[in-house]
Structures are given as structure tokens and as C-alpha cells.
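Student: I am new to this structure and would like a friendly tour. Could you walk me through it?

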Amino acid sequence: MKLAEKVLVDDSVLDIFNLRVDELTDENDVEGMQKFISTFDMFTPVFKDDFREAEFHYMLGNAYSLLNVPQLKEWFSPDLNKVVIHFKKALSLLKKRNIDDIYQITLESKISTNLGKYLSQQGRFMCAKKFWQRGISLNNQPIAHTAMYQSEMFVAACLNNDQSKACYHYYLAYQSLLNRLELPNDPIQFNDSYLIFDDERTSRFKRWFEETFNENEFDQFYHHYDDGDLTETEVEYLAWCSDNDLFIDELEIDELRLALHPDSLTLPPISSQINLTLSHHEELVYHANFDEIKNDFCYARHLIFTALNTDNDEQSFFNRTFQKVDDMTYSIDNIKAQNLKSGFKILYSLFDKIAYFINHFYDLNEIEKDRQINFDSLFKKLDSRKKWQPHPKLAESKNHFLHALFYILKDLRDISDQESVSDWLNPELTKICEIRNFIEHRSFKIIDSLYEDLVSTDRVNQVHVKLLIEEKEQYSNERKALFPEIKQQKGTENHQKLVEQQKKLEEKIVHVENKLNEKEKLSKHTLMMTDKDFTTQLMTLAKLVRNSIIYLAFSINYEEQNKPKNDDDFVWEREVPTK
């Protein structure tokens, strides 16, 4: 097979590529873009530095955005990976540079904004927010303001069951619109200008909002705690939850830290046919289950907060009842480490609880298959032994909030027959599902970051490994060289000596292989991460779980809004009681 020719992609080549992508995008020329993209298979691009490679992936992400519009593709199509992968590769390359010059700031702002827009098209409006906020914080990206405006309008329209909250989303949309109106109206530079400055619907919304509401009405949306109700620690906890966007509420506003019930997101009333066989608690099983999911999340969240406020060397009585082994890893083994690991396990388990909820609510599989249901199996056809296939009852689903949960699954782990997305969620860190596997089934140690270099330095051992590999190769070559000689000396006095020599070489090879195997076995027995890296991964997991809970609630709301009305059956929608 002929290797593709290497081609240096410099500034001039990138300019040509970008102009062509912009031209084809403006013309909405899907066929032309497909032909243009196919030309990249004919060569292997090489780059002077990470910045130009990031520009290249940004260009490819934009190109694939035209080819793979989520609304025009099957939600499970592997093609939808391409946009996310290229944008995340670009962001990863920029992070490696660690240079905050104007060029990097501008490029990162554009990538973040476009990645947010694509995630939003997939139904992941919560995941998209952080990228738009990043684009705005970097250089007040105009298109990011427009994307925020459109997203808030979309979310407001999805909240028919909660008009007061819908109005607050309209308020947030209005604020984003005002921010965009203060920035240049330049259709050549910003392709969102026509949506803001020349769109009648936008003008109507602005007039409607200003005629209907007084902005002061939104100064206090939630009922607040009274003065003196909270301790200093509780105030710090609520502030930490707010700063890290960990409240179970799609409204990411500062007021949540003052709210009496900041985790305010609930399921809508669920309509159903009257069934006299159901007890009171069975009629409310989905609402109660959603509360249980929220409760587990809040507990895990509090464990993390408590752990982060515990010193690495603080002594804990619970494990002072036995003599500990000093394995020179400088691992943290007090209550802090246990709280961090327990928080991780609880959070990860919530994905399966969400899957079980969805499986029953949407009646996806027979009750006998309950044991097979988990977050990984939820979206696929259970009985398919060939390549990955979507669940028949979800294949034609238009519920983009369910699709959002599928994309979160792909962030966590690889889907068979599809290119990996999880590698680019946090490329510099170990995968979340691998951490979970080691915590639950193997051995996992959290190492004090102060001793990271001491633990990670394995140069002497690697030298010995290299010497053993070379030694094994030498013995193998010597053994191979004996084959023709043994054959030639068959029947002579030297034959037995050569056979014995061959046997000794084989024993030496086995001895070296045993050492190498032991090294591999023991080195893979335990996964070690610094407390800093593990906390970063843990917070990523917490935000993914929190967003998943929000998508679950919105998926139920979407389903209730789109249920067919059947006048022939007695259908009721009961009020959900609260304590």
C-alpha cells in the first residue's frame, strides 16, 4: 500500500483552505464540501507548530459542520463525531501551547463558540454554555452572545409547564441580545448579524419583552434563605456549588447560592390513563425516583466539598485500627481520599440509574431484561450481536434531550464501530470509565501532588526493562541461528550439544519473559493519580452527571408536551404533592 505524501500546511495553505470552506459554507454547497474534504485523504498534513495544526482542525470542524447537521442526520450516526473530535483536538493543541497571545485568544474563542453551537444542535444546551461563556470571556465573541440568545429562547419554549421559569429564560435571552446589539453589525466578519440586526422575529421579541416585563421583576426570582438560617460552612458550600455550576437547575445564575431550594429542577406532572390497581406511591414512582437521583447527586456533591476542605495529612480514626504498609507512593489514605472516591462511585452509578429510569418510562425493553439495562446498553438494540445498532424504539426518536444523553455516553466511553470521542474530553487525563473500573474492581491510589515527581519517576526501572527486552531479543536470535546448524549436525556428536544449548537459550528466554510479565502485571495492578488530577476528573464527571439529570428532566417534559391526545380514554394529570 502506497503511503500518502507528506505536505507542509503553512499559513498560506491554511488561508486557501479556510477561504474555500467559508465559500462552500456560505453557498451551502454540501456536495462541493464533500469533494473538498475528500482531497485530504490524498496526503498527510504536517505542521510547523501546534497552533497551525489547531487551525487545521478548526477548519475541518467547520467543514464537517456543514456535512453533518444533527437535525438532518440520524442521531446515532458516527459522522456526528467528526465535528466534535476536530474542535476538541484543536482546543487540546492550543492548551499544549500555553501561550495567551492575541492569535491564540482569537482562535480559541472561535473554536469554543462553534463547538458550543454544535453541541447545542445535538440537544446539549447545558454543555454548550461553558464554551460560549469561554468565547465571551476571551474576547467578547459576538457570535457567542447570539448563540446564548438563541439557546435561551429555545429552552424557554420547552418549559410550558413552568411559565415563571420560562420568563426568566426570556430575560436571559434579552440580556444576551442586548450584549450582541452593542457589538458591530458586520455581516462579512460575523455571520450572525442578519439574525440580530435584520431579523423581524428578533425585533418582535425585543419589543414584546420590553412591553411585557420590567427588568427589576427578575432581581429576585427565588425565595431566599432568611438571615441567620445558615452557618458559615453552609454559606461556603452553597457558594462553591454555584461557582462550579453544580446546582440541579438549568438557570446558572448567582442568585442560586441564596435560594431556599437551589436544586429546584423537577419533573413535570405526568399524564396517564386511570389505573385503579396502582397504589399512591406507584403513581408517583417516577417523581420519587427523580428525587432519589437528585438526593444521591447532592450527597456525592457534599462529599466532594467536604473532601476538598480536608487536609491531605489530616488523621482519620476510621483506619487507625491496623498497621499500614508504607509502599513509598505517598498516597492519601485518610477520610479525604475515601470521600473523593465515594463521591466518584456515587456519581458514576447515577448514569445507570438514569438509564433504568428511561428504560421504564419509555417502555424500551421487557421487564425480564431489567438486569441488562445500564447506561452503555440503553441506546442500543440488546439482542444485536453484530455491529452497534440503535434501539428500535429510539431509532426514530425526535427527543433531542435523549440524544444529548447518548452524546454524554460517548464522552465517557467509546462506542463500538465509532471513532473515539472520549479521548478528547480531557486528553491529558485518564478516562473516567477507567478510573471507575480501578476504584470498583482493582486498586486506585490518590497521590499527594507534592510527591508527583517521586512517584512518576520510573527511569531506572525502564532502563532495566529495556535491557531485558534487548536480552530476550539476543537470546531469540541466537536460538534462531541454531536451527539450521542443529538440522545439519543431526546424527553427529555435536547434535546433542546444540540441542542442549538451544534448550538453555529457551530457558533464558522464559526467565526474561517471566520478569517482564511480572513487571507488566504489577505495574498495571494499581492506577495512581495525583489529588489535583483526580479532582479535575471528578469535577468533570460531576458536571456531566448534573447535566444528564437536567437532560433527563427536559426529555420527560418534551415527551409530555408531545403526547398524542386521545379523548376515548380517561387520562389524568395529577398534581405532584411535596413535603
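Predicted model: local features only at pLDDT ≥ 70, side-chain atom pairs only at ≥ 80, totals over all residues.

Student: Let us turn to the aromatic rings. Why is the pair of Phe17 and Phe36 edge-to-face?

Tutor: The structure holds 48 aromatic pairs. In the pair of Phe17 and Phe36, the ring centres are 6.0 Å apart and the planes meet at 70°; planes over 60 degrees apart count as edge-to-face, so this pair is edge-to-face. The pair links distant parts of the chain, 19 residues apart: Phe17 belongs to helix H1 (residues 11-26) and Phe36 to helix H2 (residues 30-38).

Student: Are Phe17 and Phe36 buried or exposed?

Tutor: The cut-off for buried is under 20% relative accessible area. Phe17 has 12%, and Phe36 has 14%. Both values are under the cut-off, so Phe17 and Phe36 are buried.

Student: Which parts of the chain does the pair of Tyr286 and Phe361 tie together?

Tutor: Tyr286 and Phe361 form an edge-to-face pair, with 5.2 Å from centre to centre and 80° between the planes. Tyr286 is partly exposed at 25% relative accessibility, whereas Phe361 is buried at 14%. Tyr286 lies in helix H13 (residues 285-308) and Phe361 in helix H14 (residues 335-361), so the pair ties together parts 75 residues apart in sequence, in H13 and H14.

Student: Which ring does the charged end of Arg442 sit over?

Tutor: For an Arg, the CZ atom has to be within 6 Å of the ring centre. The charged end of Arg442 is 4.7 Å from the centre of the ring it sits over, that of Phe438.

Student: Why is Cys127 too far from Cys158 for a bond?

Tutor: A disulfide is a covalent bond between the sulfur atoms of two cysteines. It needs a pair of sulfur atoms within 2.5 Å, and this structure holds zero disulfides. Cys127 is buried, with a relative accessible area of 6%. The closest cysteine sulfur to that of Cys127 is in Cys158, and the gap, too far for a bond, is 15 Å.

Student: What is the phi of Asn28?

Tutor: Asn28 lies in the loop between H1 and H2, and counts as exposed at 53% relative accessibility. Although Asn28 is not a glycine, its phi is positive, at about 55°.

Student: Where is Asn140 found?

Tutor: Asn140 is a residue other than glycine with a positive phi, near 55°. At 34% relative accessibility, Asn140 counts as partly exposed. Asn140 is found in the loop between helix H6 (125-139) and helix H7 (142-157).

Notes: Residues numbered from 1 in each chain as written. Heavy atoms only, no water. Phe/Tyr/Trp six-rings, centres within 6.5 Å; stacked < 30°, edge-to-face > 60°. Helix = DSSP H or I, 4+ residues; strand = E, 2+ residues; numbered from the N terminus. Buried < 20%, exposed > 50% of the residue type's maximum accessible area, 1.4 Å probe, protein only. Lys NZ or Arg CZ within 6 Å of the ring centre and 35° of its normal.
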